[in-house]
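Here's a quick tour for anyone meeting this protein for the first time. Have a look at the model, then read on for what sits inside.

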Amino acid sequence: MPEESCEWGLPHARRSLESFSPEETVRAARTAAEFLDEGWDGDRALEGQARALLAAGLRMAGDLAGALKETVAAVKVYEAIGQRGEAAKALLAAARVA
């Protein structure tokens, strides 16, 4: 089920972000992230992507505190799995929010 949610949720969140629909971005990214809990043993990068998209949607919606929280969560995920480039991108996004 988590893979199916991500297969639909993450691309939908990206399209919503590109069409400037923060509410839909937040809804789709949050739904995907909920399926990627700590007990899930699949690709952790999906959680980082979901958190980064959620942060972008929250930022667009004006929830800067929520955007920073999700960005920090994305950075932690990326650092934990050794994706330093993605962690750096998330840190840059946090800097833009701050």
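Of the 16 residues in the largest nonpolar core, Leu10 and Ala50 are the ones that touch the most other members. A nonpolar core here is a set of buried Ala, Val, Leu, Ile, Met, Phe, Trp, Tyr and Cys residues joined through side-chain atoms within 4.5 Å, and buried means under 20% relative accessible area with a 1.4 Å probe, counting protein chains only. This is a predicted model, where local features need pLDDT of at least 70 and side-chain atom pairs count only at pLDDT 80 or more, while totals for chains, interfaces and linings use all residues. Residues are numbered from 1 along each chain as its sequence is written, and side-chain values use heavy atoms, leaving out hydrogens and water.

- Skipping neighbours within four places in sequence, Ala50 is in contact (heavy atoms within 4.5 Å) with Leu10, Ala29, Ala32, Ala33 and Leu36.
- Apart from that core lies another of 5 residues, including Ala74, Val75, Tyr78 and Ala87.

**Helix α4**
- The 17 residues of α4 (64–80) reach 24 Å from first C-alpha to last.
- Among the buried residues of α4 are Gly66, Glu70 and Val77, and their cover includes α3 (45–61) and α5 (84–97).
- Just after α4, Gly82 takes a positive phi of about 80 degrees.

**The whole protein**
- There are 5 helices and 0 strands, with helices being DSSP runs of H or I, at least four residues, and strands runs of E, at least two, numbered from the N terminus.
- Buried residues make up 41% of the 98 residues.

Technical notes
The expected span of a helix is 1.5 Å times one less than its number of residues. Buried means under 20% relative accessible area, exposed over 50%, partly exposed in between (1.4 Å probe, protein chains only).
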